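Thanks for coming. Please have the sequence and the model open.

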Amino acid sequence: MKTTYSLTDAEQNFLALMQAANAGEPVKIEGHHQGAILLSEDRWAAIQKQLVAAKENTEQHHRAYLYRAWGHL
């Protein structure tokens, strides 16, 4: 994200920002309390896939630790 847009600028240029996000460029918008990031559907799907893989990997590690600890009881 090269540029962060103010809420006012984002409202005025929403179509252009949506087109940029659709083209694969993430768009960051400042907010009063929290900001927002517009992403293409492909990027969002890739992030979700990574999160699922990380969760599965973490769960496998937890199981392995549990089995090792169980074996030492």
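A definition first: by a nonpolar core I mean a set of buried Ala, Val, Leu, Ile, Met, Phe, Trp, Tyr and Cys residues joined through side-chain atoms within 4.5 Å. Buried, here, is under 20% relative accessible area. What you are looking at is a predicted model.

Which residues make up the largest nonpolar core? There are 7 residues in all: Ala10, Leu17, Ala20, Ala21, Val27, Ile29 and Leu38. Two elements give two or more residues to this core, namely helix α2, residues 14–22, and strand β2, residues 27–29. The largest share, 3 residues, comes from α2. As a general point, nonpolar side chains in soluble globular proteins tend to be buried together.

Apart from its neighbours within four places in sequence, Leu38 is in contact with Leu17, Met18, Ala21, Glu25, Pro26, Val27 and Ile29. Lys28 sits in strand β2. Is Lys28 buried or partly exposed? Lys28 has a relative accessible area of 35%, so it is partly exposed.

Next, the two loop residues that follow β3. Leu39 and Ser40 are the ones I mean: Leu39 is in the loop between β3 and α3, and Ser40 lies in the loop between β3, residues 36–38, and α3. Leu39 is partly exposed, at 31% relative accessible area. Ser40 has 8% relative accessibility and therefore counts as buried. Setting aside residues up to four places away in sequence, Ser40 touches Ala21, Asn22 and Gly24. Ala21 is also one of the core residues.

Together with Ile37, Trp44, Ile47 and Leu51, Leu39 makes a nonpolar surface patch of about 450 Å². Helix α3 gives the largest share of that patch, 3 residues.

How many salt bridges does the structure hold? The count is 1. Glu59 pairs with Arg63, and their closest N and O atoms are 2.6 Å apart. In general, side chains of opposite charge can pair when their charged atoms come close. Why are these two separated by about one helical turn? Because Glu59 and Arg63 are 4 residues apart in helix α3, which covers residues 41–71. Glu59 is partly exposed at 38% relative accessible area, and Arg63 is partly exposed at 41% relative accessibility.

Where is Ser6 found? Ser6 is in the loop between β1, residues 4–5, and α1, residues 7–12. With 24% relative accessibility, Ser6 counts as partly exposed. The side chain of Ser6 reaches the backbone nitrogen of Asp9 at 3.1 Å. Beyond its neighbours within four places in sequence, Ser6 is in contact with Ile29 and Glu30. Ile29 is a member of the core and is also among the contacts of Leu38. Ser6 and Leu38 themselves are 32 residues apart along the chain, and their C-alpha atoms are separated by 13 Å.

That is the tour; I'll take questions.

Definitions and conventions. Residues numbered from 1 in each chain as written. Predicted model: local features only at pLDDT ≥ 70, side-chain atom pairs only at ≥ 80, totals over all residues. Heavy atoms only, no water. Buried < 20%, exposed > 50% of the residue type's maximum accessible area, 1.4 Å probe, protein only. Contact = heavy atoms within 4.5 Å. Polar contact = N/O pair within 3.5 Å; in protein donor to acceptor, adjacent residues only side chain to side chain. Salt bridge = Lys/Arg side-chain N within 4 Å of Asp/Glu carboxyl O. Patch = residues over 30% accessible without salt bridge, like charges linked within 9 Å, V, L, I, M, F, W, Y side chains within 5 Å. Areas by Shrake-Rupley, 256 points an atom, 1.4 Å probe, with all protein chains shown as cover.
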